[in-house]
Amino acid sequence: MDSIRLRARAKINLSIDIKGIFEDGYHDLEMVMQSINLSDYLLIRKVNQGFKMTCSNPDVPLDKKNIIYKTWNLLKEKYLIDGGVEVFLEKNIPIAAGMAGGSTDSAAMFVGINRLFELGLSESEMIEDSKAIGSDIAFCIKGGTHLATGKGCDLKRLLGLDRNIKILLCKPNIFVSTKRVYKRFDSMYKDSFDLINKPDNEILLSGLKNRDNEMIVEGMGNVLEPVTKTWCKDIQRIENTMNKFGSYKSMMSGSGPTVFGFFKDYKSVNKCSSILKKRYSQTYITSASNKGVEICGNK
């Protein structure tokens, strides 16, 4: 096998709660993550030596700062890979958007390099290695729907969203740094963990288990949303627009600023999408998925 093509799915957060802060500064999380069908695609080719990357999006860095390079470098050094790779990234997931766009690309590299170079790593071994790079990668390797706890790497599989739900995504025209959001969160709540917009994960998990959309919506929440809203007013504008056009739940994903909304029918979601696209070019209609990284082909 000389090349492999992979599909790397984005995620949304049905909930994010923060229980505290560990001694090393990482946050103690409890959140429900859901894979969606908006995806990047990676084509990885074997070459004699080195690393070369190209991307459809000029805003993606192609140097050592890129998480794809970091993943390759970790695997090459740890498993003494003989040879190099060329990577082409078709970038469809918005950048710095709270949708694990970088993490899912890294997850695809773990899966792709493991298969391409016949490393023989199990899923659990790839997940363990991924912790050195980022916490969301573990979920992106598994995909589907999971309750994530601790630093985000402790995962419990759940029954996911109904795939007939129409999900509208809209990213405001700014980039958001996850580190900056958590830093501001710490500043805002340094004296109290009396958080706004808290989810009820017990209700949410029960709703997912019983396919009860009313319970799912009741349990959803994201404690980071009020933080990101302090400098991104578009989040509330987008939510208001989604609600006006029939969304029965709209919320920010991850550290933001992307907003997603749930719709019951194509007519309302298409109408809302056309309105939002006039102002926000990164607007997409998608659906839930029970898959993460997927191999699309190899030669």
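I started with F260: at 0% relative accessibility it counts as buried (buried is under 20% relative accessible area, exposed over 50%, partly exposed in between, with a 1.4 Å probe and protein chains only). This is a predicted model, where local features need pLDDT of at least 70 and side-chain atom pairs 80 or more, while totals for chains, interfaces and linings use all residues. Side-chain values use heavy atoms, without hydrogens and water, and residues are numbered from 1 along each chain as its sequence is written.

Next I looked up the ring partners. Phe, Tyr and Trp rings (six-membered ring for Trp) pair if their centres lie within 6.5 Å; planes under 30 degrees apart are stacked, over 60 edge-to-face, the rest tilted. That rule gives four aromatic pairs. One of them is Y248 with F262, centres 6.0 Å apart and planes at 50°, so I call it tilted. Y248 sits in the loop between α9 (234–244) and β9 (249–252), and F262 in strand β10 (residues 259–263), 14 residues apart. F262 is buried at 1% relative accessibility, whereas Y248 is partly exposed at 25%. F260 and F262 are also tilted, because their centres are 5.4 Å apart and their planes at 40°. Ring pairs join Y248, F260 and F262 into a cluster.

Then I checked charges over rings (NZ of Lys or CZ of Arg within 6 Å of the ring centre and within 35 degrees of the ring normal). K166 lies over the face of Y266, at 4.6 Å from the ring centre. R180 does likewise over W231, at 4.2 Å from the ring centre.

Conventions:
Helices (H or I, at least four residues) and strands (E, at least two) are DSSP runs, numbered from the N terminus.
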